[in-house]
Amino acid sequence: MSTHAQHHPPVTVTVLGLGPMGRALAGAFLDAGFTTTVWNRAPGRGAELAARGAHAAGSARDAVAASTLTVVCVVNYDASDAILRDEKVTAALKGRIVVNLSADTPARARDTAVWAERHGIRYLDGAIMTPAPSIGTKDAVFLHSGPREVYDEYRPVLAALGGTHTHLGEEAGRAAAYDIALLDIFWTAMGGYAHALAVARAEGISGRELAPFAQGIAAIFPPLFETFAGDADDGTYSGEINPITSAASTMTHVVHASEEHGVDASLMRVIEGQARRVIGLGHGGDGFIRVTDLLARR
Ligand code: NDP
């Protein structure tokens, strides 16, 4: 029996935005047996979903009017505003539920929650932390924030999307705030990897040759994240194993080796500069993560 049978009347779902992620979300709702309506600004992106049984609405207004729950997944909040804040769409959403799974800043999420409240729309904000192919599988990761009772009521419906769902609190910007912090880790690490591949290539090492060792470096991170989180929270920053003076010197090696090959080392120069500022402030015996205090200083 599908989960929506527990609700009276049965929950129906609309997905607005049919990029790779919106299509994956709509596909998962269809797979779970929900009556699903889809809409996208540019026509044609819902053809495959329609062939699988989705209703393709002719307008965003008709799409939101068709269902009890609307999930929005577009490029950012300028896009979701352009859709939701259209007068006809806003009016049709009154009394219904919107879950916005588009990515943007915590401030935009909070602003949208205020807008929703003003228009009698029950609103949950959310973030998706895993790629489109993970949707509907155990690997998907969703973060949510907003009214607890709305989350609890619709948790069984969101379960159709698979994976783990975490409600981070009632404050609307909370999911986006976690999203930003996690994207920060992801993109700076990816920037480091792209740079490492460029330096390795300049030294005649292929990406495939480097990859197994790169994976070894990545495996060091999970326990370090745990330890450094405690250091940052408690202000302990022990540099016993690797003081920041030693860390900064290895960063200088990366800068020199890159620039000898004409490879832009600006990313590493920024990080090295932060480490040297910490040393200059008299904390050379501390660990690298002391940089957190430098950056967070008001
Ligand atoms: P994109 O981020 O490329 O967004 C494309 C969607 O946004 C399309 O539906 C597009 O409509 C719509 N859009 C853009 N501008 C407007 C506008 N002004 N008005 C109306 N609609 C607009 O696609 P994804 O599906 O990849 O991502 C959607 C969200 O999911 C993003 O916030 C992304 O960060 C997040 N996400 C995506 C992941 C992924 O693996 N793809 C992973 C984790 C999160 P049109 O076709 O008409 O241009």
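How many residues surround the ligand, and which are the closest? Select the ligand and you will find 21 residues around it, the closest being Met21, Asn40, Ala42, Arg45 and Ala103, where a residue counts as near if one of its heavy atoms lies within 4 Å.

Before going further, note that this is a predicted model, in which local features need pLDDT of at least 70 and side-chain atom pairs count only at pLDDT 80 or more, while totals for chains, interfaces and linings use all residues. Residues are numbered from 1 along each chain as its sequence is written, and side-chain values use heavy atoms, with hydrogens and water left out.

Next, colour domain 1 (3-170) and domain 2 (203-295), whose bounds come from an automatic or database domain assignment; their C-alpha centres lie 40 Å apart.

A polar side-chain atom of arginine 41 lies 2.9 Å from a ligand oxygen atom, a backbone N or O atom of alanine 132 lies 3.0 Å from a ligand oxygen atom, and for a backbone N or O atom of valine 75 the distance to a ligand oxygen atom is 3.1 Å. Of the 880 Å² that the ligand exposes when taken alone, the protein buries 72%, as computed by the Shrake-Rupley method with a 1.4 Å probe.

Finally, select helix 1 (20-31) and helix 4 (77-84), the elements that give two or more residues to the shell around the ligand; helices here are DSSP runs of H or I with at least four residues. Helix 1 gives the most, with 3 residues.

Technical notes: Polar contact = N/O pair within 3.5 Å; in protein donor to acceptor, adjacent residues only side chain to side chain.
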